[in-house]
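The structure is shown first, and the notes come after it.

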Amino acid sequence: MSKFRIINCHIHTFTSQHVPESFPFPGAQYIRDNPTIILGLAWMARLIGQEHLSDQLKRLYQFQQQGERASQQEILDDVAEHYPSDSRFIILPMALQQTGFGMVPVSLKDQHDELAQMRDQASVRDTIVPFATLDPRDPGSVAECRRALSDLGFQGLKIYPRLGFAPDHDRLMTQIYPMVDRLDIPVMTHCSRGGVQGSDVCDYRGDGFTRPHAYLPVLRAFPNMRLCFAHFGGQVDWSAYVNATETRGRENWMEQIRDMIGDGRYPNLWTDISYTLFQFDVFAPLLRLLLEGDDLASQRLRRRVLFGSDFYMTRQEELSERAVSIRLRNVLGEDLFKQIAETNPQVWLGELVEDKTLWTGQG
């Protein structure tokens, strides 16, 4: 195999101490304090012949145990075992103080500071690429995000509108995006129907905050900002596309993202395949078909897809990080995998200058 340096553009290292005490439901803290309850339920499910449910509960236990690690560094060490030693990881923190599920034991400031310390103490240069985050409904969160970007030198921004805010929230448009634009750093945003929602956010409102077209005001106001739609629309919409079925709102987010990138109007719009590709057997062939076309839209898309996994959310899945990476490399081939796992991430991070002929029509 050819040698290149993999960049995983989407992982999480936050622990249960960064999560509200009652998330995702009242009584969750009791289960976290007594995780063997999950194993007991798994044993009962297997006893009555519910093998699939038993396996799901065991993976839920693995996920819960991952979150109980003592530090973000321990979680990073777990995911790093699945990759070559010189791989790089973009770490995306979470700001969950405004979700309505109770207090968060460790502050966003402390979460950011720990990431900065991990970056500075890494044994291999540039292994850790920390992003800052915020909830724009909280002025203190906005100030902390600005501190992480300016004082700590974080290399990107992560937002999560499904928590309960619009991607064109006033504080984002006036205090955060202009700063990101000026610093010339990228933005990652959650873009699937799954994930975390505030306690007062229904699926309909969550979709409204999250759908790709909700970002049109942002794309128009900040055309030079490198914005990535995480999850390429998500598993629900990929499954709907494969099976020719409808989704909520009768719009398919995977198709929206593909079309928004392919038509060339938004040359700084990106997407990643994190979590979505863990339904590997169904979706990997589709990804290859989307990326290997010779038409102009496919060529643009091929330059705008990023490799990511969404660890440790993926501990809920059957396949491991290493298994997905190896299978994906095999299905896509060396050239395509290198494109999404090294070249495209370098461009997105601002480390590599690309030829924009595909968008300008010149040359």
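The points below are grouped by topic.

The model is a predicted one. It contains an open sheet of six strands with parallel pairing, in the order β4-β5-β6-β7-β8-β9. By the rule used for ring pairs, the count comes to 10 aromatic pairs.

**The sheet**

- The edges of the sheet are β4 (132-133) and β9 (305-306); each has a single partner strand, so one side of each is left without a neighbour in the sheet.
- Helix α7 (residues 170-183) packs on the sheet and touches β5 (157-159) and β6. The direction of α7 makes about 145° with that of β5.
- Strand β6 (residues 187-192) pairs with strand β7 (residues 227-233) in the parallel sense, over five bridges.
- Within this pairing, T189 stands opposite F229 in β7, and H190 stands opposite A230 in β7.
- Strand β8 (residues 269-272) pairs with β7 in the parallel sense over three bridges. The bridge partner of C228 in β8 is W270.
- Seven of the seven residues of β7 are buried, so this strand is largely enclosed by the rest of the structure.

- D207 lies in helix α8 (residues 203-210).
- Is D207 buried or exposed? Its relative accessibility is 8%, and the limit for buried is under 20%, so D207 counts as buried.
- The side chain of D207 makes a polar contact with the side chain of R248, at 2.8 Å.
- Leaving aside residues up to four places away in sequence, D207 touches R162, R193, R248 and W253.
- Two of these contacts of D207, R193 and W253, also meet each other: the charged end of R193 sits over the ring of W253, 4.2 Å from its centre.

**Aromatic rings**

- F4 and F337 have ring centres 5.9 Å apart and planes at 50°, so the pair is tilted.
- F4 counts as buried at 7% relative accessibility, and F337 counts as buried at 1%.
- One aromatic cluster is formed by F4, Y83, F89, F307 and F337.
- W270, the β8 partner of C228, has the charged end of R304 over its ring, 4.1 Å from the ring centre.

**Helix α11**

- Helix α11 (residues 253-262) is mostly covered, with seven of its 10 residues buried.
- Which residues of α11 are buried? They are W253, M254, Q256, I257, M260, I261 and G262.
- An α-helix has 3.6 residues a turn, so residues three or four places apart point the same way.
- W253, listed among the buried residues of α11, is also touched by D207.
- The N-terminal end of α11 is capped by N252, with a side-chain oxygen 3.0 Å from the backbone nitrogen of M254.

Conventions
Residues are numbered from 1 along each chain as its sequence is written. This is a predicted model: local features need pLDDT of at least 70, side-chain atom pairs count only at pLDDT 80 or more; totals for chains, interfaces and linings use all residues. Side-chain values use heavy atoms; hydrogens and water are left out. Two strands pair if DSSP finds at least two bridges between them. Helices (H or I, at least four residues) and strands (E, at least two) are DSSP runs, numbered from the N terminus. Contact means heavy atoms within 4.5 Å. Axes are lines fitted to C-alpha atoms, for helices over the stretch in contact, and angles run from 0 to 180 degrees between N-to-C directions. Buried means under 20% relative accessible area, exposed over 50%, partly exposed in between (1.4 Å probe, protein chains only). A polar contact is a pair of N or O atoms within 3.5 Å; within protein, one must be able to donate a hydrogen and the other to accept it, and residues adjacent in sequence count only if both atoms are side-chain atoms. Rings of Phe, Tyr and Trp (its six-membered ring) pair if their centres lie within 6.5 Å; planes under 30 degrees apart count as stacked, over 60 as edge-to-face and the rest as tilted. A charge sits over a ring if NZ of Lys or CZ of Arg is within 6 Å of the ring centre and within 35 degrees of the ring normal.
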